[in-house]
Amino acid sequence: MKFQEIISRLPYSKPFLFVDEIIHIDEKGVEGTFTFDENLEFYKGHFRDFPITPGVILTETMAQIGLVCLGLFLLNDTFSKNTSIALTSTEIDFLKGVYPNEKVTVFSEKIYFRFGKLKCKVWMKNTKGEVVCSGTIAGMIV
Amino acid sequence: MEKEIIIEQLKEIIKPYVQEKEAFEALTEHTDFINDLKINSANLVDVILDIEEKYDIVIDNESMERMLNVKAAIEIISTKLADKI
């Protein structure tokens, strides 16, 4: 499956699509990027007069790239418009802030994909190559 | 392997995923993982992977779908262990 085809099949749209490009994908993992546009709505309130990307959004970005893109790739044709997916667990450490207009790269390594559940080790780096957050995320077909 | 031993080992495996502590304390063969212990379907996958590791067996999709209570789990574990010998 081509990178662009995977992104077009994601069940998200703006303002809640947090995948710009996929750099690499195979059965073992994925690498992709997203740039946080300064006009994203949540910056108006998080925090007031001090915009910084919320941890839940960083988690969501890692889930969309690291888990959903990889899941789509692994499921290939068995993933359809009627397939519904759910986030089932996250355990993330946050190490550095991500500010408006920053570009991040998400890396994900499959821990297992069994019985419809995908669990991955994920981490995010900024353009300086520093890890900004890392942990494990799991989701499944419901 | 004796049923009582498997039940004790199962309790160790499922303990971290249980939401209903009282149902867990009173666990019997008829205890249902989802309805009684409130283990969600995502964690049930982890329970099954832990069972695979503990007994060095492979649980297929069909067994996974049947493994909803303690009794079914014991049956599946016992059958898979017998197949190994």
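Trainee: Which residues in α3(B) are buried?

Mentor: This is a predicted model. A residue counts as buried if 20 or more other C-beta atoms lie within 10 Å of its own. In α3(B), the residues that pass are B:A42, B:N43, B:L44, B:V45, B:D46, B:V47, B:I48 and B:I51.

Trainee: What should helix α3 of chain B span, and how far apart are its end C-alpha atoms?

Mentor: Helix α3 of chain B covers residues 41–55, which makes 15 residues.

Trainee: Which residue follows α3(B), and what is its phi?

Mentor: The residue after α3(B) is B:D56. Its phi is positive, near 55°.

Trainee: What pattern does chain B follow along the sequence?

Mentor: Chain B has zero strands. Its helices number five. Read along the sequence, that gives α-α-α-α-α.

Trainee: Why is chain B called as compact as a globular protein of its length?

Mentor: For 85 residues, the globule rule gives 12 Å. Chain B is close to that, so it is as compact as a globular protein of that length: its radius of gyration is 12 Å.

Trainee: How many residues of chain A are in contact with chain B, and what are their classes?

Mentor: Eight residues of chain A are in contact with six residues of chain B. On the chain A side, β3 (85–94), β4 (103–114) and β6 (131–141) each supply at least two residues. By class, that side has four nonpolar, two polar and two charged residues.

Technical notes
Residues numbered from 1 in each chain as written. Chains lettered and ligands numbered in written order. Predicted model: local features only at pLDDT ≥ 70, side-chain atom pairs only at ≥ 80, totals over all residues. Helix = DSSP H or I, 4+ residues; strand = E, 2+ residues; numbered from the N terminus. Rg over C-alpha atoms; globule rule 2.2 N^0.38 Å. Contact = placed C-beta atoms within 7 Å. Nonpolar A, V, L, I, M, F, W, Y, C, P; charged D, E, K, R; others polar. Expected span 1.5 Å × (residues − 1). Buried ≥ 20, exposed ≤ 12 C-beta atoms within 10 Å, placed from the backbone.
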